[in-house]
Amino acid sequence: MEQHAKRVAKSHKNTGMKDLRNSWLKYATIAVGILLALFIVILLALIVTKPTPEGLFASIMSEEIHFAIILSLLTSLVSTFLCILIGVPAAYALARYLFKGKNVVNALLDMPLALPPLVAGLGLLLFFGTTNIGRGLAEIGLTFVFTPLGIIAAQFFVNIPFMLRIMRSTFESINPRYEYVAKTLGCSDAQALWRVTLPMSAPGFFAGSVITWAKGIGEFGAALLLAGAIKWKTETLPIALFLNMSCGNLNMAISAATILIIISVVALYIFERYGGASRF
Amino acid sequence: MGEFVLRNVTLDIDQGEYLVIVGPTGAGKTILLETIAGIYPPDSGSIILEGRDITGLPPRERNICVVYQDYMLFPHLTVEGNIGFGLISRQMPQDEIRKRVVEAAALLSIDHLLHRYPDTLSGGEQQRTAIARAIVMEPALLLLDEPLSALDGQTREMLIKELRRLHKLYKITVVHVTHNFEEVFALADRVAVMNDGDIVQCGHPDEVFRKPNCAFIANFTGVENIFTGTCSQQVGASAINVDGLTIISSTCKGEGEICATVRPEDILISREQIQSSARNSFKGTITDIVNNGMVIKVTVDAGIPFVSVITRQGYEHLHLNEGEEVYLTFKASAVHVF
């Protein structure tokens, strides 16, 4: 009897070891992952290697691409700043306080994430083009329709959920007792936030800003509807890519794409490096 | 939060007193401390500190400091930055801050760590830093929320000594929350027992642990022998009838249904019946012997089960075995009735 039990145990052990070493699930899933990664590399390589290096360099040095780079940098920096200005306080409230309708507000603030940018752009166009608020803003000189201001508004609206979500999870990961201690050590609510919670959330803040900025640079759909695709006026990098592609100017299109790829890679690296706990 | 409710908590803490609050997890101890500190506004009632009503004051104006179990050191600041944090709030001149920080750090023997960041410190060092951060403020009241629970035994003992020394030195009023009874006996001038958002008993440690006044405390403080019975008065004492067994007590007030306890260490076990002044003596059978290392717990069935604790020496001397007959003896004054 005992011997039999031993034998059973032994055979179990053998097949068990075999299963451990040769799990088909392991190999199949790893293969899927690697194939997908390869596909991405191939796509990127295809874009960058399509034109001759000289042609690509000449396009990158062209005035049109310089204009697009500068416009993209300016609009994305301003819209990121606005996302910080609005997103950080809102995220703090959502992480720290209980209030009526919090769940609804939470869900609505995530809405732009799920919304197709074109739809968001349509809404923005109607808001700035047809309402009294929009007309009032235009009267004091803030015209959003078919202007660079519109690009900023589009980037802000589409990307605020990124800032918000990252900062919300960052604040949520910080024990409120740090603030309690700060308050017993002479801080007001605002001082506790400024001296303790904000410095502690620096990595999340940094990661959130970078991802918001990178998304802003790539923003196309909403910006297209609100600001239009106007050469030398609202021509950001993605718009330059689109305009040049439409009229067969492949080198120019690809140089815009190449710069966008570089920005994405840098942003992804920074996010992975410093995002840490604040992934979402 | 919202789930925790404090009710009817009345506590008078004397100046310079070391009060320890004990209670099971979820008793509301931390909420009580945070309410005193001003984190949560109480729905009703008031908090008076040194004759001043501070119920509506924000935490920063109360001069009450908190030390938590998990230290809550600011990770982006060095030990020096942490200890000096409150002094910066007070806008003290920089050299004065530096002086006081060094002083407080020296007092807690962490002055060699001032430049380090909290995540490079051991648990004991972190808690010393947290304590230094609080006492450097010279608070009118120091709140300690299970300050030693996250530390290993040796570090804990060191810090108990440290706390006792600091308390003597500064004469700070301390409220210390714990569920560890060692800390109660080592530190407390007075102990308050909390359960379910309520202070159920408050007094000198010996008093609370000798004469628990309700079944909850008896259970919580580890009283083994709790009996319910009917009490009847006799001359100079009272008799308690517990399932037919008559126990004599000198503390019974009044008649009727009562609870009685006898602490295990007050019950004497012997092979022969002892002739003594002790009024209670029963014959019973040993049903269980549990070796706890330092002491042996012996359960004897004498009609009702009694638990007695004897030393290892006594146990070896008596050669006790399960199923054997022994005598139990305890004084009438050891029977506490509530």
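This is a predicted model: local features need pLDDT of at least 70, side-chain atom pairs count only at pLDDT 80 or more; totals for chains, interfaces and linings use all residues.
Trainee: What makes a residue count as buried?

Mentor: A residue is buried if 20 or more other C-beta atoms lie within 10 Å of its own.

Trainee: How do you know that the span of helix α2 of chain A agrees with its number of residues?

Mentor: At 1.5 Å a residue, the 26 residues (24–49) should span 38 Å; the end C-alpha atoms are 37 Å apart, which agrees.

Trainee: Why is chain A called more spread out than a compact globule?

Mentor: Chain A has 14 helices and zero strands. Its radius of gyration is 25 Å, whereas the globule rule gives 19 Å for 280 residues; the value is well over the rule, so chain A is more spread out than a compact globule. Its C-alpha atoms fill a box of roughly 95 × 65 × 30 Å along the principal axes, and 36% of its residues count as buried.

Trainee: Why is Val200(B) called partly exposed?

Mentor: Val200(B) has 18 C-beta neighbours inside 10 Å. A buried residue needs 20 or more and an exposed one has 12 or fewer, so with 18 Val200(B) counts as partly exposed. This residue is found in strand β8 of chain B.

Trainee: How many residues of chain B are in contact with chain A?

Mentor: In chain B, 19 residues are in contact with 13 residues of chain A. The contributing elements of chain B include α1, β4 and α2, each supplying at least two residues. By kind, that side of chain B divides into 13 nonpolar, three polar and three charged residues.

Note on methods:
Residues are numbered from 1 along each chain as its sequence is written. Chains are lettered from A and ligands numbered from 1 in the order in which they are written. Helices (H or I, at least four residues) and strands (E, at least two) are DSSP runs, numbered from the N terminus. Two residues are in contact if their C-beta atoms, placed from the backbone, lie within 7 Å. Ala, Val, Leu, Ile, Met, Phe, Trp, Tyr, Cys and Pro count as nonpolar, Asp, Glu, Lys and Arg as charged, and the others, Gly among them, as polar. The expected span of a helix is 1.5 Å times one less than its number of residues. The radius of gyration is taken over C-alpha atoms; the globule rule is 2.2 Å times the number of residues to the power 0.38.
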